[in-house]
Amino acid sequence: MNDAPASQSALHAAGPVAETLVGVGGVLVLGAGAIFLGVMLLLWRASRRAPGTVDVRRWVIGGGVVFPVVVLTALFAYSEWHRPPWRVAPPKDALIVGVTAHMWWWEVRYRDPATGAEIVTANEIRIPAGRPVYFGLGSADVIHSFWVPPLGGKMDAIPGRVQHLQLQADRPGVWRGQCAEYCGAQHARMALHVVAQTPAEFDAWLAAQARPAAGSALDRGREAFLANRCNACHTVRGVSAESRLGPDLTHVGSRLYLGAGTVPNDAAQRLAWVAHTQQLKPGARMPSSHGRIEPAALQAIANWLGELQ
Ligand SMILES: [Cu+2]
């Protein structure tokens, strides 16, 4: 993985669905530009003609009715023809990923191909390059919208419904996505990252995610995590699985960012996130721990989170 900031540009397509959208968008922009120029030209000509010499009826019917009907019908047919596949059934070779939007983070679910067990993670979606990925999108609270512009289209996540979206990355890389439907105070900090890997790397990653948390029960950080009831909201498989109010932290140390793209996941930011959550992401549904948990225990928790690879 390189260190360049992950692209969120809809113009730099990294997969077939996004390429189609860029192509259709280009045709629409060129067509609109040509029509705009044509209208300006007519306006210029009209301004130079004497009043009363224009056949108004002909222009209103031709330019105001016939022309738009022909152009819009053609555009409709063209864009329908190129519409990305939003079919209800996933293609046979697709990877299926469940995504549930929360205020203001993304819960991500896979099936372990070996056991069929559910694997839960958050805010970072790893996918194998070159294979279609079929998303089932839901929401736990309000309407959100799932959008990773370099990889494909956008789809709303609506409470009480499962929506579908298919994306594909042509090559390994990291791309940024963003909630695209205003959903409250921290809508802007509701990003996600898609990491496309080679199929072998992806399989190894998925197998690692399926395992329970690493580390020993004697770890000070683990003790402090439980003693301070972080597990009232967070699951760490193999340690505590009481709640899913917050992101699953079983392998949080392996993720690129914390807080849905709010801070990079390094040692200093892990401590800062737990201590000063409300400063980094005001309104986030997790309390700051600064002043509530003594510094040594906080440091131990942050170190332990880093070890949850
Ligand atoms: Cu949002």
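Asn-123 lies in the loop between strand S3 (118–122) and S4, and its phi is near 65°, a positive value in a residue other than glycine. A second case is Ala-260, which has a positive phi of about 55° although it is not a glycine; Ala-260 is found in the loop between S11 and strand S12 (263–264) and counts as buried at 1% relative accessibility. A cis peptide bond, with omega of about 5°, joins Met-103 and Trp-104, and Trp-104 is placed in the loop between strand S1 (95–102) and S2. For context, most residues other than glycine have a negative phi, and most peptide bonds are trans.

Residues are numbered from 1 along each chain as its sequence is written. Because the model is predicted, local features need pLDDT of at least 70 and side-chain atom pairs count only at pLDDT 80 or more, whereas totals for chains, interfaces and linings use all residues, and side-chain values use heavy atoms, with hydrogens and water left out. The helices (H or I, at least four residues) and strands (E, at least two) named here are DSSP runs, numbered from the N terminus.

An open sheet of five strands has the order S4-S10-S9-S6-S7, with mixed pairing, two strands being paired if DSSP finds at least two bridges between them. Strand S4 (124–128) and strand S7 (154–157) form the edges, each pairing on one side only. On average, and with direction ignored, neighbouring strands of this sheet are turned by 25° against each other; axes are lines fitted to C-alpha atoms, for helices over the stretch in contact, and angles run from 0 to 180 degrees between N-to-C directions. Helix H3 (residues 199–210) packs on the sheet, where H3 touches S4 and strand S10 (191–197), and the direction of H3 makes about 135° with that of S4; contact here means heavy atoms within 4.5 Å.

Within the sheet, strand S6 (residues 144–147) runs antiparallel to strand S9 (residues 173–179), to which two bridges join S6, and Phe-146 stands opposite Cys-179 in S9. S6 and S7 also run antiparallel, joined by four bridges, and a hairpin connects S6 to S7 through six residues. The bridge partner of Ser-145 in S7 is Asp-156. Asp-156 belongs, with Lys-154, to the uncovered face of S7, while Met-155 and Ala-157 make up the covered face.

Turning to the helices, the 32 residues of helix H1 (residues 16–47) should span 46 Å at 1.5 Å a residue, and the end C-alpha atoms of H1 are 47 Å apart, which agrees; the expected span of a helix is 1.5 Å times one less than its number of residues. Val-17, Ala-18 and Val-24 are buried in H1, and what covers the buried residues of H1 includes helix H2 (56–81) and strand S8 (163–167). H2, with 26 residues, reaches 36 Å from its first C-alpha to its last, close to the 38 Å expected at 1.5 Å a residue. At Phe-67, H2 bends by about 30°, and a proline, Pro-68, follows within four residues; the bend at a residue is the angle between axes fitted to the seven residues ending there and the seven starting there.

Glu-107, in strand S2 (residues 105–111), counts as buried at 7% relative accessibility, and its side chain makes a polar contact with the side chain of His-102 (2.8 Å). A polar contact is a pair of N or O atoms within 3.5 Å; within protein, one must be able to donate a hydrogen and the other to accept it, and residues adjacent in sequence count only if both atoms are side-chain atoms. Not counting residues up to four places away in sequence, Glu-107 touches residues including Val-99, Val-120 and Arg-244. Arg-237, in the loop between helix H4 (220–227) and strand S11 (257–258), is likewise buried, with a relative accessible area of 17%. The side chain of Arg-237 reaches the backbone oxygen of Gln-209 at 2.9 Å, and, with residues up to four places away in sequence not counted, Arg-237 touches residues among them Ile-119, Pro-212 and Asp-248.

Notes. Buried means under 20% relative accessible area, exposed over 50%, partly exposed in between (1.4 Å probe, protein chains only).
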